[in-house]
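Hello,

Here is the structure I promised to pass on to you. Please open it alongside this message, and my notes on what turned up follow below.

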Amino acid sequence: MKKLFALMLAVLMAIGMFAGCTTTESNDDGYTIEKGKLIMSTNAEFPPYEMKDDSGKFIGIDVEIAEAIAAKLGLELVVDDMSFDAALMAVQQGKSDMVMSGVSVTEKRKLVMDFSDSYATSTLVVIVKEGSDVTLDNMGEKMIGAQRGTTGYIYASDTPENGGYGEDHVIAFETDAAAIEALKNGQIDCIIIDNAPAKEHVAANAGLTILEGEWVEEQYAIGLPKGNAELKEAVNKALGELKADGTLDTIVAKYIKAN
């Protein structure tokens, strides 16, 4: 009887140990799509926030911030490159844990995704050809280009009653680079784009310039799946630590030099 009791006790202890391990395993990193990984959807054609170097490696402000967040969470960062529209949809459809691609916080986007605390302030500006007669005041009379899905496109294509220029005056492009080519070829008169990438494009394309003045000021934040409070809390905690210890400023300074 003692032997039988001892055997039963040993079996129960083994089951208990196994169950304990299983519980710990299933609860470990339960807030991301794939255990041990932090999947970031992006459009890697938005310098200096996300782009590829000559070797094809993803680099940029958003990429390095995402890497730092992943490190603090003990996760491996996975960068999934796609169109800007698709990057936004990926986080809504559960295909990515977060979207970073110079994503501005808007009330409409808040309906379909959550946002982290803001990590950068951005301004939308207007690129034109040198010598152009386009001004911030007469843009409603011109043909405007903007990347599809961006706030620049959304705001500009809205009705004049809502502060836009109407869909007839705005052409959507899949990338900023495509819009730049259209501007150079005379297909459009100007481009609405974020200030940092605008400077990159103007520096790389002779004959283009940025109009003086800001079109709109916005806040960048990390787009997150709607209702995933655990992930949002973890990302905000990591982001707060990166701000506090100066890592965030160091990353930005690496890509955007002070004037």
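**Salt bridges**

Arg148 and Glu174 pair in a salt bridge, with 2.7 Å between their closest N and O atoms. This pair ties together distant parts of the chain, 26 residues apart: Arg148 sits in the loop between β8 (144–147) and α5 (151–157), and Glu174 in the loop between β9 (170–173) and α6 (176–184). Arg148 counts as partly exposed because its relative accessibility is 34%. Glu174, at 43% relative accessibility, is likewise classed as partly exposed. Do keep in mind as you read on that this is a predicted model.

How many salt bridges are there by this rule? The count comes to ten. Another one joins the side chains of Asp81 and Lys52, at 3.8 Å from N to O. Here too distant parts of the chain are linked, with Asp81 in strand β4 (residues 76–81) and Lys52 in strand β2 (residues 51–52), 29 residues apart. Asp81 has 30% relative accessibility and so counts as partly exposed. Lys52 is also partly exposed, at 45%.

Is Lys142 buried or exposed? Its relative accessibility is 14%, so Lys142 counts as buried, the cut-off being under 20%. Lys142 forms a salt bridge with Asp133, and the closest N and O atoms are 3.2 Å apart. You will also find a network of salt bridges that links Lys72, Lys237 and Glu241.

**Cavities**

Two cavities of 30 Å³ or more are present in the structure. The largest cavity holds about 70 Å³ of space. Which residues line the largest cavity? They are Phe46, Phe84, Ser101, Gly102, Ser104, Arg109, Gln147, Thr150, Thr151, Asp194 and Glu218. Sorted by class, this lining has six polar, three charged and two nonpolar residues.

The second largest cavity has a volume of about 50 Å³. Its lining is made up of Phe46, Leu124, Gln147, Thr150, Gly152, Asp176, Ile192, Ile193 and Asp194. Strand β10 (residues 190–194) gives the most to this lining, with three residues. By class, the lining of the second largest cavity has four nonpolar, three polar and two charged residues.

**Helix α9**

Please also have a look at helix α9 (residues 247–255), whose buried residues are Leu248, Ile251 and Tyr255. Why do they lie on the same side of α9? They cover an arc of only 65° around the axis, which puts them there together. In general, an α-helix has 3.6 residues a turn, so residues three or four places apart point the same way. On the other side of α9, Asp249 and Thr250 are exposed.

What do the buried residues of α9 pack against? Their partners are β2, β3 (58–59), α2 (61–73) and α8 (229–244). Strand β2 has already come up above, as the strand that holds Lys52.

I hope this gives you a handy way into the model, and I would be glad to hear your thoughts.

Best wishes

Technical notes:
Residues numbered from 1 in each chain as written. Predicted model: local features only at pLDDT ≥ 70, side-chain atom pairs only at ≥ 80, totals over all residues. Heavy atoms only, no water. 1 Å grid on protein atoms, 1.4 Å probe; cavity = no way out; pocket = protein on both sides within 12 Å on 5 of 7 lines; lining within 4 Å. Points joined across faces, edges and corners; volume = space filled by probe spheres on them. Nonpolar A, V, L, I, M, F, W, Y, C, P; charged D, E, K, R; others polar. Helix = DSSP H or I, 4+ residues; strand = E, 2+ residues; numbered from the N terminus. Salt bridge = Lys/Arg side-chain N within 4 Å of Asp/Glu carboxyl O. Buried < 20%, exposed > 50% of the residue type's maximum accessible area, 1.4 Å probe, protein only. Arc of directions from axis to C-beta. Contact = heavy atoms within 4.5 Å.
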